[in-house]
Structures are given as C-alpha cells and as structure tokens.
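Me: I would like to go through the helix packing in this structure. Could we take it step by step?

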Amino acid sequence: MTTATLERATPPKIRQTRLLINNEWVDPVDGGSFETLNPATGETIAHVAAGTAADIDRAVKAARRALTSGPWSRMDAADRGRLLFKLADLVEAHAQELAVLESVNCGKTITDSVGDMQGVVNTLRYYAGWADKIEGKTVPVRGNFLSYTLRQPVGVVGQIIPWNFPLLMLAWKWGPALACGNTIVMKPAEQTPLTALRLGELAIEAGFPPGVVNLINGYGETAGAALVVHPDVDKIAFTGHVDTAKIIQKAAADTLKRTTFELGGKSPNVIFADANLEDAVAGAFHAIYFHGGQCCTAGSRLFVEDAIHQEFVERLAEKAKQRRVGDPLDARTEQGPQVSQEQLDKILGYVKVGEQQGATLLTGGERVGQKGYFVSPTIFDNVRDEMTIARDEIFGPVVSVLPFKAFDEVAERANRTFYGLAAAVWTKNIDKAHTFAKLVQAGTVWVNCYHVVDTTTPFGGFKMSGQGRENGEAALDHYTETKTVTIKLS
Ligand code: ADP
C-alpha cells in the first residue's frame, strides 16, 4: 500500500448515501439531499442525504443509549481495542477502493490517497493498542484515605471534520474517541461525504454495536450547528476554518461543552544559506504544493536568506513549471484539482490581490483547463510581511517568498502571525536549528524535513491554530474525564 499501483483506477460504485444512525441506514427526517461533485470534472457523483437538527437529535439519542446501556457500555477495554484492530484490517483490505473513492470526491492524487489510507490504518491500530492501557493512578493523599483516579469516557462526542483529508481526519477522531469508550456523532464535510459512508459500512462489519458510531452528512450551518448546541452532546472535536471555530466556541458556551480545535495555519518555512540547497528546494516545494496547498500545515511563508535567495527561487520556479497537474486517478499525476469552484475562485482572487499589492508573480497564478478546479503551482517573490498573501491562509498552491538577512530577524518575523500550527527550518547548523525550534510559536516544528506527521506524536496549534492536541497519547486526555475516588479507611 505504499505506492499507487493502478495506471488509471476506475471509480467505484457508490454504495451508500444515507444517514447512519444506530447501525441503520436511514433517510433524513425532512428528506433533503445535496449533490457531491468530482472536483476534477465538476460533475455530480451522487446525491447524498442531508441531515438536519432532527436527525442530529436521533443520532445523539442513539449514541447516548449506546453509552449508558447495551454492549458498548459493558465492553472490556481490550475488546474495544479488538474492534478497532478489526476496523483497521478492513480498511487495509479495502484500501485501494477507498483511495480511489477519496480521489474521486476530494481530488487528491491517487498516490496521496493511498498514503492517506495507510495513515488511517496506522491511526486505528495505534489507538486500538491504547484501549486497555488508559490507566488512572493511586494518589498519596493526606489522612487515612485511599484515593485513586478513574479515566472515563467524556460521553457522547460530536466530531466535525473538513474536506482536505476526509478519511484521515475521521480516523484521527474515531481512534482516540473509541479507544476511550466514547460514542460518536460525526458530521463529515459537505464537499466530501463519500468515504465516511463507506467507513460506516465497515464499522458495522467490524462489529461496533448500534449507536457507537453515527454519521450525519449535511451542511455546517444546519447539521453541524445542531450538533454543537445539542444539550446531550458532551464534547465537540472540530477541524476546519478558524472563523468556524469561533462560531462553534461561542455556540458551545451555552452548554459548556468541552471543545478541541485543529485549525488553519500560515506556517513559516525558513531556509538558511547553509542548508543543503537541493534538499531545501525539494522540501520547500513539497511543503507548499503537497495536496495542492490544501493542508493546514502548508509551508506558505517561505523565508529565504538573502545570500541564496536568487538561486533558490529560480530552482523552485523551474520545478513548479514542470509539475504534472491533472487527472487525480492517473498514477503519474502530481497535483489534482482544488476541491471546489469556491476554493478555485478564492485562490485566484488572492493571486490578483498579490499582484495588486506589488509582489512579483514568478510563475503560475492561473486556472489550468476549463473543466474541474485546477490551479497551476504559483510563486510570489519579494513578498512583504504586511501583504495579504503573507497573512491570510490561501489553502491553495500559492507560496509567498520572503527574503531575510539575519537569524534574529527571521525568528521574530516567523512569529508575526496569529496562527501557530507548524514551522520548519533548513540548516546544517544545530545551534540555529534548535534555537529556532525553541523560539517559534508552533505545535509542530520540522528540521530539514516537512509534512512528517505520525500518529504517535501530538499534533495541534499554538495561538489561533487550535486548542488541544490530536494524535499520540495527548489525544487521550481530550477524550477522557478524570474522576477521583476517595475511600475512608478505618
Ligand atoms: P473549510 O474552509 O475547510 O470548508 P469549514 O470550517 O467551513 O472549513 O468547514 C469544516 C467543517 O465545519 C465542515 O464539516 C463544515 O460543514 C462544518 N461547519 C461549517 N460551519 C459550521 C457551523 N456553523 N457549525 C458547525 N459546523 C460547521
């Protein structure tokens, strides 16, 4: 499963479009649906059931029942782990089919989708292993008492995910939630509902009892918002846009729900003149263009030291011009379409603003073809910190090159953003590398590499890039409540 094996994969048949509540596929109460598109062609793939508040309520009731009665509530932790292992095996067995479906609905290249499926399997297995290792403590309290802590599930968790890594984001949320014994109502992104539906089928096949995982597709303002305000939902885990997170945090305040957020970024990628130039060019290229720039960690602010600036941007532009942009199902394609017309328009709008504000458009900046939502890899040179393209998250294949002169200067400028998700530094000097890693305000720092994300290490944002951490042991803290039990000894 490490490389795409098919020359050009055939899109799979769409098997399921309804809502998953209590292990049954049901129609929405008001009968609504929405179209889901193939971003490579703009054509409709399927009509998918659109849930609303009434469906969220049904799903929450099913999740609550599963939490408090029935097999899940009594299940040994080790058996929860076994179910997650089983689900991982099923994903692995269907990885090719799932990868093609992801590419068709999300536009990512088949190579990237295959990589995502490996990430899904790794994540589910990692948390499967945790299920029977989530332990409390005995605490040496004052007096003749025995005190110990229990770590119990938070309860019914609402999970809202975006369109850029549809199934991987699902796995990052299901893995820790289920390992800790919670029950789930998930709302996938309206742009990419299809792979989650297939996972729903596989979850039933794996043997998860009714009500443990529920899937309500639909729009954010209806289904998503209803989940956030539902009084019987204990926690919201959200990945998406910072502006949506602000709305969610305010709406969740009325019921004081626990919230965790994984949001956007405008990540600084700093290249010092003493770096290995070839590796740094390739790394900077991957940092911005991976998945067409549709990554919250995209290395979109590229700081390049003056001494190598000219040569660096020339090499980068040469690579950008050669990038194969096209059909995501062709294994030779390096960059697929952006996810939607909306994203395409937004990106091209930023290109205009970049030009208007005086940045140098070195290459790209155009739509590719007339069908689908393709954008050519774009480089703006001589960008200044205050320009819009250096400040806003574009979420497309657009990099801003910001020249710099000295370490202290770049360390300060790198932090001049309200985001703090990721950062990278390229240098052979270990002092510079470690000092930068310490100073930069970011949840993830890469040294001489980029986009290396593993399920075992915590992932999340400083500042307005998020609250809480996903992946690793850290995620378990957000899916458990700690209870202190104190016993009087006589
Ligand atoms: P993006 O820019 O990646 O589409 P969004 O934050 O708009 O980011 O979307 C991420 C997820 O949040 C999607 O599943 C979307 O439907 C959901 N969403 C959008 N608005 C709301 C809202 N007001 N309440 C809850 N969920 C929402």
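**Helix packing**

Reply: The crossing of helix 6 and helix 7 is right-handed. Please bear in mind that this is a predicted model.

Me: At what angle do helix 6 and helix 7 cross, and how far apart are the axes?

Reply: They cross at roughly 45 degrees, and their axes come within 9 Å. Helix 6 and helix 7 are therefore oblique to each other.

Me: Which residues meet there?

Reply: Helix 6 contributes Pro166, Leu167, Leu170 and Trp174, and these meet Thr195, Ala196, Leu199, Gly200 and Ala203 of helix 7. By class, seven residues of this contact are nonpolar, two are polar and none is charged.

Me: Moving on, how do helix 4 and helix 5 pack?

Reply: Helix 4 covers residues 95-106 and helix 5 covers residues 110-130; they pack at an angle of about 130 degrees, with axes 8 Å apart. An angle over 145 degrees would count as roughly antiparallel and one from 65 to 115 as roughly perpendicular, and helix 4 and helix 5 are therefore oblique to each other. Helix 4 passes helix 5 in a right-handed crossing.

Me: What makes the contact between helix 4 and helix 5?

Reply: On helix 4 the contact residues are Ala95, Gln96, Leu98, Ala99, Val100, Glu102 and Ser103, and on helix 5 they are Ile110, Ser113, Val114 and Met117. These divide into seven nonpolar, three polar and one charged.

Me: And helix 3, which of its residues are buried?

Reply: The buried residues are Arg80, Gly81, Leu83, Leu84, Leu87, Ala88, Leu90 and Val91. They pack against helix 2 (71-74), helix 4, helix 5, helix 6 (166-179) and helix 7 (194-206).

Me: What span should helix 3 have, and how far apart are its end C-alpha atoms?

Reply: Helix 3 runs over residues 77-93, and at 1.5 Å a residue its 17 residues should span 24 Å. The end C-alpha atoms of helix 3 are 25 Å apart, which agrees.

Me: What does Ala245 touch, leaving aside residues up to four places away in sequence?

Reply: On that basis, Ala245 touches Phe238, Phe261 and Leu263.

Me: How far is the C-alpha atom of Ala245 from that of Ser465?

Reply: The two C-alpha atoms are separated by 9.8 Å, while Ala245 and Ser465 are 220 residues apart along the chain.

Notes. Residues numbered from 1 in each chain as written. Predicted model: local features only at pLDDT ≥ 70, side-chain atom pairs only at ≥ 80, totals over all residues. Heavy atoms only, no water. Axes fitted to C-alpha atoms, helices over the stretch in contact; angles between N-to-C directions. Helix = DSSP H or I, 4+ residues; strand = E, 2+ residues; numbered from the N terminus. Parallel < 35°, antiparallel > 145°, perpendicular 65-115°, else oblique. Left-handed = near helix turned anticlockwise from the far one by under 90°. Contact = heavy atoms within 4.5 Å. Nonpolar A, V, L, I, M, F, W, Y, C, P; charged D, E, K, R; others polar. Expected span 1.5 Å × (residues − 1). Buried < 20%, exposed > 50% of the residue type's maximum accessible area, 1.4 Å probe, protein only.
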